[in-house]
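This report goes through a protein chain region by region. Keep the sequence and the 3D view open while reading.

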Amino acid sequence: MPTVPFICPKGGVGKTTTCLTVALQLAKNGAAVTIIDADPNTPMTVWAQGGFCPPNLHIVSGVTENNIASKIREAAQKDPFVFVDLEGTAAKIVVHALQESDFVIVPMRGSYLDAVEASKAMELIHDQELSVRRHAPGYKLPYAVLFTGTPAAYSTRTTSSLRSSLIDQGVTVFKSEMCERDAFRALFTFKRSLEEMDPAQVPGLDTALMNAEGVAAEVLSILDRELTS
């Protein structure tokens, strides 16, 4: 029953969009998923108010730094997957979420500025390993970097360079990328899953769906590898 927060100090890197996209794909395939809506703007709660939230996808709102740990634990008792959507800043609520986590996804765009901010997230993860009392001494909290907002048709030199640099440092990096697509932005416009949107209103749904399925499949694969090794 993994708890997976999506963290990066920098805003606008696609944490919320990626979290919702992956959760919807898992729910579509029959998994029960809880999203802890820990962003002060409560984007997940607003999305669910559209009335198209799957019955096996549960959104937990009213989250603060004082109750996030208990809300994560309660959710983990009910659903096999718990995702945590966090605000962009490195606040105490992020620290509390990390202390309850089994795996962390660090979304980042393919720029050197984003890489600097993502490195702060990785430093925070390493720092919190010492505070995770549920595991034996020497425990390493597993995480992986996911590139977001990348061009759909090609990979930029900067993204390729950053990817190679991270891998050389021993960082796990998703092979899949969350590409820059109108359909992903439309999730919050129409408050529906990709499958429920109207192709006449949202272009590129088929390719966005393939992208979403690929990222979700790799999330499951990495979770299986990291949490059973």
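## A strand covered on both faces

A residue is called buried when its relative accessible area is under 20%, and exposed when that value is over 50%. The model discussed here is predicted.

Strand β4 shows the use of these terms. Of its 6 residues, 6 are buried.

## The neighbours of β4

Which way do β1 and β4 run relative to each other, parallel or antiparallel? The two strands are parallel, and 4 bridges join them. Phe6 is the residue that stands opposite Asp85 of β4.

Strand β2 is also joined to β4, here by 6 bridges, and this pair runs parallel. The bridge partner of Ile35 in β4 is Phe83.

## Helix α3 and its buried side

Helix α3 spans residues 68–78, and its buried residues include Ile68, Ile72, Ala75 and Ala76. These four lie on the same side of α3, because they cover an arc of only 100 degrees around the helix axis. The spacing follows a general rule: an α-helix has 3.6 residues a turn, so residues three or four places apart point the same way.

What do the buried residues of α3 pack against? Their partners are the strands β1 (3–6), β2 (33–38) and β4 (81–86), together with helix α4 (92–98). On the face of α3 turned away from the buried side are the exposed residues Gln77 and Lys78.

## Asp79, a buried charge

Asp79 sits in the loop between α3 and β4. Asp79 is buried but has no salt bridge. A salt bridge needs a side-chain nitrogen of Lys or Arg within 4 Å of a carboxyl oxygen of Asp or Glu. For Asp79, the nearest side chain of opposite charge is that of Lys78, 8.0 Å away.

What does the side chain of Asp79 make a polar contact with? The partner is the side chain of Thr34, at 2.6 Å. Leaving out residues up to four places away in sequence, Asp79 touches Met1, Ala32, Val33, Thr34 and His58.

Helix α1 covers residues 15–28 and contains Leu24. Leu24 has a relative accessible area of 7%, so it is buried. Apart from residues up to four places away in sequence, Leu24 touches Trp47, Pro54, Leu57, Leu187 and Ser193.

Thr21 counts as buried because its relative accessibility is 2%. Beyond its neighbours within four places in sequence, Thr21 is in contact with Met178, Phe184, Leu187 and Ala212.

## Salt bridges

How many salt bridges does the model have? The count comes to 9. One of them joins Glu213 and Lys28, whose closest N and O atoms are 3.0 Å apart. This pair links distant parts of the chain, since Glu213 belongs to helix α8 (residues 205–228) and Lys28 to helix α1, 185 residues apart. Glu213, at 34% relative accessible area, is partly exposed, and so is Lys28, at 37%.

Another salt bridge connects the side chains of Glu177 and Arg163, with an N to O distance of 2.9 Å. Glu177 is in the loop between α6 (157–168) and β7 (178–179), while Arg163 is in helix α6, 14 residues apart. Are these two residues buried or exposed? Glu177 is buried because its relative accessibility is 16%, and Arg163 is buried with a relative accessible area of 16%.

Arg185 and Glu180 also meet in a salt bridge, at 2.2 Å from N to O. Arg185 is partly exposed at 43%, and Glu180 is partly exposed at 36%. Both belong to a network of salt bridges that links Arg109, Glu180, Asp182 and Arg185.

Terms used. Residues numbered from 1 in each chain as written. Predicted model: local features only at pLDDT ≥ 70, side-chain atom pairs only at ≥ 80, totals over all residues. Heavy atoms only, no water. Buried < 20%, exposed > 50% of the residue type's maximum accessible area, 1.4 Å probe, protein only. Contact = heavy atoms within 4.5 Å. Arc of directions from axis to C-beta. Pairing = 2+ DSSP bridges. Lys, Arg positive; Asp, Glu negative; His and termini not counted. Polar contact = N/O pair within 3.5 Å; in protein donor to acceptor, adjacent residues only side chain to side chain.
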